[in-house]
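Here is a quick tour of a structure for someone meeting it for the first time. Have a look, then read on.

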Amino acid sequence: MRILTGIQPSGKLHLGNYFSAIKKMLGYQASEDLYLFLANLHSLTTFKDKDIQWQNTKDAVLDLLALGIDPKKTVFWVQSDVPEVTEITWYLSMAITTSQLSLAHSFKDKTARGITPSAALYNYPILMASDILSFQAQKVPVGKDQKQHLEFARDIAIRFNKEYGEVFTIPEPDIDENTALVPGTDGAKMSKSYGNTINFFDTEKALKKSVMSVISDSAEIDEAKDPDKSVIFAIYSLFLNSEEKVDLANRFRTPGLRYGDVKKEMLEKILEHFAPFREKREELSKQNDYIRDILKEGGLKAKALAQPTLEKIRHALGLSDFF
Ligand code: ADP
Ligand code: TRP
């Protein structure tokens, strides 16, 4: 099965990215046909500075390789290295209306948080559809926040196929209910754009600061606490098996629990979980040439896969084969 996903290099990778998309890709790596890219054209919509943009991209490459993405098993590239996708975006924009785009939750959330409502941000879902459809992906692992974008991609593919002939595979979202929406330190969706993330490769000091800032209610130590309403419980649970989760829920319901103690335990869990990857990352950070070669090769493989789709579209639209 062809499985594809993208991650924006718009800041440090965080637990939301890890549990909903990256961990899944790692699990599929042994048996499936995998495609993973850094959506740096998407992160231009929240662009700050070219040096930061480039640093974020490099950091995300290191993060993903350190976590275990194996370029021999996964085609791994940077979005802007495959301009076929941007050309296809234009063709796909005919298969979606502005009134549909105006319903995008992500556009509304981002502009409500002060991000400039540029045309690029508005058209973001079409570029994302192209990321998926250009490679004829069948399955797309994402968090719940991307569900609507996946629906747009499916609608676009269905409409295009109907109007111009069968060109695209219709992709399926792959959303796991348990990790679909990881809350951030403030209880809202954890997101690089919202400054509420827990970044697993941060220094211990910075990680401690984020973990200790996770929001809690004002329940006193001697009161029982509701695990289902707790952001601390939701994040900590990601690292626990079902038995450990039941134990933690019982500790919440038993008077005497101190949130500060649970946060310290959670910090230890996070550090322990990511310790081996941290070492690997350190090693990789010294191998610039190796990293450059991986991305170059990944970009060429991705291009080779997008080109036949592009040819098919041009043909379907009467843009080629005149002579
Ligand atoms: P961000 O919102 O932090 O910029 P991205 O847009 O790069 O993150 O998302 C990359 C992947 O991580 C997508 O599949 C997205 O659905 C997933 N993801 C991002 N934040 C969360 C979250 N808080 N919970 C679950 N999945 C998330
Ligand atoms: N928009 C996605 C996000 O913010 C990132 C992304 C871009 C993506 N293109 C994609 C995810 C294609 C899956 C498939 O999370």
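## A cavity

There is one cavity of 30 Å³ or more; a cavity here is a set of points, on a 1 Å grid over the protein atoms alone, where a 1.4 Å probe fits but cannot get out. The largest cavity has a volume of about 40 Å³, counted as the space filled by probe spheres set on the points, which are joined across faces, edges and corners. Its lining (residues with an atom within 4 Å of a point) includes Ala104, Phe107, Tyr124 and His149.

This is a predicted model, where local features need pLDDT of at least 70, side-chain atom pairs count only at pLDDT 80 or more, and totals for chains, interfaces and linings use all residues. Residues are numbered from 1 along each chain as its sequence is written, and side-chain values use heavy atoms, leaving out hydrogens and water.

## The cores

The largest nonpolar core has 53 residues, and Leu15, Leu64, Phe76, Ile198 and Ile270 touch the most other members. Such a core is a set of buried Ala, Val, Leu, Ile, Met, Phe, Trp, Tyr and Cys residues joined through side-chain atoms within 4.5 Å, with buried meaning under 20% relative accessible area (1.4 Å probe, protein chains only).

Apart from this core lies another, of 41 residues, including Tyr124 and Ile313.

## Asp202

Asp202 is buried too, at 8% relative accessible area. Its side chain makes a polar contact of 3.1 Å with that of Lys12 (N or O atoms within 3.5 Å; within protein, one able to donate a hydrogen and the other to accept it, and residues adjacent in sequence counting only if both atoms are side-chain atoms).

Terms used: Chains are lettered from A and ligands numbered from 1 in the order in which they are written. Buried means under 20% relative accessible area, exposed over 50%, partly exposed in between (1.4 Å probe, protein chains only). On a 1 Å grid over the protein atoms alone, a cavity is a set of points where a 1.4 Å probe fits but cannot get out, and a pocket is an open set with protein on both sides within 12 Å along at least five of seven lines; lining residues have an atom within 4 Å of a point.
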